[in-house]
Amino acid sequence: MKITIHEVAQCLNLHVSTVERWIRQGRIPIQKTGNGYLFNESALKKWAAMYRLPFLIPEKVKSRGYVETLENLLTAMKRGGVLYNIKGDNVETALKSAVENMAVLSKTSKKELYQLLLERERLTSTGIGKGVAIPHPRDPLSDALKSPVISTCFLEKPIDFGAVDDRPVFVMFILLSQSIKIHLHLLSRFSFCVRDNSFVEFLKTSPDEASFFAKITDFEKQLDRAET
Amino acid sequence: MRIFQSWRYPANWTIFRLDDRLLLILVAIIVGNCSGLASVILNRALMAMFNWFHHLHHYWWIFVLPAIGAALSSLFLEKIVKEGAGHGVPEVIYSVSRYGGLLRFRSSFSRIISSALTIGSGGSAGPEAPVVISGAAIGSNIAKYLSLNDRQRVTLVGCGAAGAISSIFNAPIAGMVFAIEVIIGEWKSVHIVPIAIASVAGTEISRILQGNQIPFSHRLFNISQMDIFACVGLAVLTAAASILLTRLLRSMDKTAKKLPAPLWIRAAIGGCSVGLIGLFLPEVLGKGYHVVQATIEGNFSQGLAIVGLATIAKIVATALTLGWGGSGGIFAPCLVIGSLAGLTYHHGLALLWPSVPWVNQGCFALLGMAGLISGMLQAPLTGIFLIVEITGGYEVILPLIIVSAITTSLCHYIEPAAYYMKELVEYGHLLRPGTDARVLSDLNVSELIEKDCIAVTQNMLLRDFINIVKKSHRNYFPVEDEETGHFMGIIHLDDIRQYLFNPVMYDTVFLSQIMNTRVEVVYPDDDLSDVIRKMDANRLFSMPVVVNNRFIGLISKGNLLDQYRKELMVQTSQSI
């Protein structure tokens, strides 16, 4: 592989002018000829090892940590679907029936998810106020999902969720994601929506899928505008 | 056309693609020969001038001769080649430590001519230092012609110096040790091998052209234990002499600078005074090797008072010649003063304890020389090896080491910097390899700049700023003027953290209200040691770098440490 002097600087995590100075001072086994630089990559690696300097090729650094593309709410919500009239009198039964109705999950992971959700509820309630709850497992599921899922579950009747403002919860957004980073990303976007009181009022009407997704699309646009 | 081009760029010859060490050894031979030749030329010139002026010595007006010589040499240096007066060794050391050994081509002959004029006409100075700078300049220019890198050039500068000293004294080990101890200051085999080769080449050239003779041969000495104890006293005397010489040189220099006259008139005044001293004590004139020879052989028969007077006269004459602007080195005067001091000490001993069978006066003269060289250069090894080689007297090695060691320590105690280094240390120019000052001088601000800062404008609301903070990686945000782009100030997150969580302030506070406008800034060509001093004085972790009133990046201690460590690792590990 042919690499340039700039890439050498990148590999050593140095400024190009430092590498050029080292060449001039004869500290690095690179020779300058009239129109360019002459060096041998393996000799250079050997040299770096001798001086215990880190020599990492940037591409390798990148491929090691897999790249996460942060998804938007809308795709995750479409994947999770909107569920209506979820039955249940308390937290456990409501979660149970909601999990049962989630189409994206296999049978075993439904069981696992239910346990994880209960565990999480035991720590603190996920009812974030205004009648909205966002049940989620603390750690990602064992058969990791490839992409995040948000299931919107409108309850048959409001139930006591032990929420921060003690108001009964009428809608749950079950939030599953494959990493903490994506979880936080989706959570922050979602909390932006819930902060808007008119959205909560809108949710109370148990809107149909199309108008619900249209509303979310609106919010996404606002969010994107704020970020740029 | 191709052949022509290949001649113009010798760096492209395949021979230089060979092993790096082999190349240096080959070039070292050439450099050693050239600098050896330079010293032979100076030696011949001095001999010729001595012969021309010898028969004039009985005229009364002879005392103006050193004045004419010094004035001419000063004129030559100032007007024709435009180089500074003095002997040139500090310039070589400075160039080695700061500019990778770059020296001007004209340095390779300028000091030879000027010192020939000064010394040949009777000025009290030595031909060695001028030869050192010539040799060093030859090495540097050969390296430049072959477009070698800094490290190789420094080695070749050392080779030039080694070849010159080896050739002029016919002393290969002394040349080698001098080059490493004084000029390069770093004991590494990458330097030592080529320098040793150059010493051999330089010595060989001088032996071929001038014959293999030991400059100051002597009879055998029988040294008893008493003499070794007596050496301690001699060391104190030589230390005192070298400190006197150093101080006198400096004060003469200062007095001369106060005189409102052109340089050549100052040099003439100095030369004239030396000539006047020379009327009464002709021993002080010229490089004075005949005096050294006479003392070592025991033929210097004057009594204690005369010898003591001659010692002081030689010190004064040297200070007058060099301090007032003559050109020449300190080596030869050191040898003369040292031998005279040794002789004085011997006479003094003989006077106090006449019954003790002291070793003959030549031995003390020899030890005195070693003491003075070690004291002036504060380079004990150079002193020891030089005296052993130029006198061929290995049997005096024990007292020699004692005198050298004690004199060096005493002089170091009183004058912390050696004569050659003094000016460099004063201006902070002595940058020995592997030291903090050297690492910092090699790094520069532009290599440390971090550019991933997000600039904001002064009329931005805090709310908009918080959105920027969300996306940033750094805690510092430069504030720029919207229209001109000029740097206004900087926002550090630590300073405004409390406002960030207060939503009331989001829409009421403009960035111009919370930015810090009284910031210390750095310019890209600032000295890094000054930058660090500023950081430490103000307890700063980062400072903005500004060019033409525009912010271009940030310099932080974190990145500095990273780079500093890499630089130190690359500079100090053994061999390449």
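Reader: How many residues does the contact take from chain B, and how many from chain A?

Author: This is a predicted model, in which local features need pLDDT of at least 70 and side-chain atom pairs count only at pLDDT 80 or more, while totals for chains, interfaces and linings use all residues. Residues are numbered from 1 along each chain as its sequence is written, and chains are lettered from A and ligands numbered from 1 in the order in which they are written.

The contact, which counts residues whose C-beta atoms, placed from the backbone, lie within 7 Å, takes 15 residues from chain B and 15 residues from chain A. On the side of chain B that touches chain A, two or more residues each come from α7, α20 (445-448) and α26 (557-572) of chain B; helices here are DSSP runs of H or I with at least four residues, numbered from the N terminus. The residues of that side comprise four nonpolar, seven polar and four charged, where Ala, Val, Leu, Ile, Met, Phe, Trp, Tyr, Cys and Pro count as nonpolar, Asp, Glu, Lys and Arg as charged, and the others, Gly among them, as polar.

Helix α7 (150-169) of chain B is also one of the elements against which the buried residues of α16(B) pack, together with α8 (172-184), α12 (289-297), α15 (361-377) and α17 (397-414) of chain B. Because 12 of the 12 residues of α16(B) are buried, this helix is largely enclosed by the rest of the structure; buried means that 20 or more other C-beta atoms, placed from the backbone, lie within 10 Å of a residue's own. Among these buried residues are F385(B) and E389(B). Just after α16(B), G392(B) takes a positive phi of about 65 degrees.

Note on methods:
Contact = placed C-beta atoms within 7 Å.
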